[in-house]
Amino acid sequence: MKVLILGATGHVGSRLHTHLQNANMTSIAASRGRMRNNLDNHVILDSMNLSALTKQLQSVDAVVNCVAGDKNSIGTGAQILTQAALAAGKPTIVHLSTMSVYGASEGVITEDSPFDPDYNWYAAAKCEAENHMQAYAQAGGKVVVFRPGCIHGPGSVQWVERIANLLKAYRLGDLGSAGDGWSNLVHVDDVVKAIHFGLEMPLTAGEIQHFNLSAPDSPRWNQYFIDLAQAIDATPVKRIHPLQLKLDSKAFSPAVKISQKLLSKAKQGHLASRLPEPLPPSLVRLFKQHIFLDAQKISANLSFMTYEQSLLSSVEWLKNEQR
């Protein structure tokens, strides 16, 4: 099988490229510029360029869409991808979505649970992208869609490095009821294995399959914060007062974010990187959201890494990064 990976410079895409090569697949890593990791079999490709993408898709059996970025890159990018795929002979599309499509929903969430595109811009863009995948299947294409929770493990800036920095600064810890939501953590290697499984699924023309991705033993956020803090010696673990959390996310963190943008525009990125880690309100809302991804559908075909194993993997990577 010959596979094109869009968004191959990202956390999942780069790890997927290496995995598929080790599995004796022909994996082509696509990005707009040069690969930072110097991966083999790389092409420079603007996935928003319909003609260039169509030409590249004509020589592959499947494409994995790991594209991140802004609303246009996600939503319009998915539309361009499906247009290119239709023109290129309908290769299989494996699309990486997110649990954010379920928005503010709470309780046990299955693949049939309703979408909530009004939740925020990211949810809206991901819902739009999934609509384009549905349209591609209706036009006779084959599609597998994965909706992961919070992807952690080696290379996770969002759910390992950022959380660790906030714990070390005693801005996160035991949040009480504000951290009682389910984390829906899933290790990056399990996401990669799931995508591999999706590439090999025997689909018929016009078929689309959807899968939630979350480790069955994924803990509540408070438990993750405490475990990670202890593993990186960010102790004693602080009990965070609700007022501190509110002031941090709604006053301090927005000021940090604005400062980062101003410094970046002034080409002072080295100064922006020294600023404290922002703690946006959207993250605070997530920590208390009682949303539990039901991943039983994929669990019948994939054994997830245990929480203990995934935590150890994350901590080892973090410690190596900080040496």
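When I say two residues touch or are in contact, I mean heavy atoms within 4.5 Å. Okay, quick housekeeping: this is a predicted model, where local features need pLDDT of at least 70 and side-chain atom pairs count only at pLDDT 80 or more, while totals for chains, interfaces and linings use all residues. Residues are numbered from 1 along each chain as its sequence is written, and side-chain values use heavy atoms, with hydrogens and water left out.

Let's start with Thr92. Thr92 sits in strand S5; helices (H or I, at least four residues) and strands (E, at least two) are DSSP runs, numbered from the N terminus. Skipping residues up to four places away in sequence, Thr92 touches Asp61, Ala62, Val63, Lys142 and Leu203. Thr92 is buried, at a relative accessible area of 15%; buried means under 20%, exposed over 50%, and partly exposed in between, with a 1.4 Å probe and protein chains only. And from Thr92 to Ser218 you go 126 residues in sequence and 31 Å in space, C-alpha to C-alpha.

Now helix H3, residues 71–87. How far apart are its end C-alpha atoms? They are 24 Å apart, and that agrees with the 24 Å that 17 residues should span at 1.5 Å a residue; the expected span is 1.5 Å times one less than the number of residues. H3 does bend, by about 30° at Gly77, where the bend is the angle between axes fitted to the seven residues ending there and the seven starting there. Gly77 is also one of the buried residues of H3, along with others including Ile74, Ile80 and Leu81. What covers those buried residues includes strand S1 (2–6), helix H2 (50–57), strand S4 (62–65), strand S5 (92–96) and helix H4 (121–138).

Just past the end of H3 the backbone gets interesting. Gly89 has a positive phi of about 105°. Then Lys90, in the loop between H3 and S5, has a positive phi of about 65° despite not being a glycine. Lys90 is partly exposed, at 36% relative accessible area. For context, most residues other than glycine have a negative phi, and most peptide bonds are trans.

The loop between H7 and H8 is another spot to check. Asp233 is in that loop, with a positive phi of about 65°, and it's not a glycine either. Asp233 is exposed, with a relative accessible area of 62%. Pro236 lies in that loop too, and the peptide bond from Thr235 to Pro236 is cis, omega near 0°.

On to helix packing. The axes of H5 (157–168) and H7 (221–231) come within 10 Å and cross at roughly 75°. Axes here are lines fitted to C-alpha atoms, for helices over the stretch in contact, and angles run from 0 to 180 degrees between N-to-C directions. That makes H5 roughly perpendicular to H7, a label that covers 65 to 115 degrees. On the H5 side, the contact is made by Trp159, Val160, Ile163, Ala164 and Leu167; H7 brings Trp221, Tyr224, Phe225, Leu228 and Ala229.

H5 and H7 come back with helix H12: the buried residues of H12 pack against strand S8 (150–152), H5, strand S9 (185–187) and H7. Among those buried residues are Tyr307, Leu311 and Trp317.

Last one, His210, in strand S10. Buried or exposed? His210 is buried, at 16%. Setting aside neighbours within four places in sequence, His210 is in contact with Glu111, Glu130, Gln134, Val145, Arg147 and Lys297.

Definitions and conventions: Angles under 35 degrees count as roughly parallel, over 145 as roughly antiparallel, 65 to 115 as roughly perpendicular and the rest as oblique.
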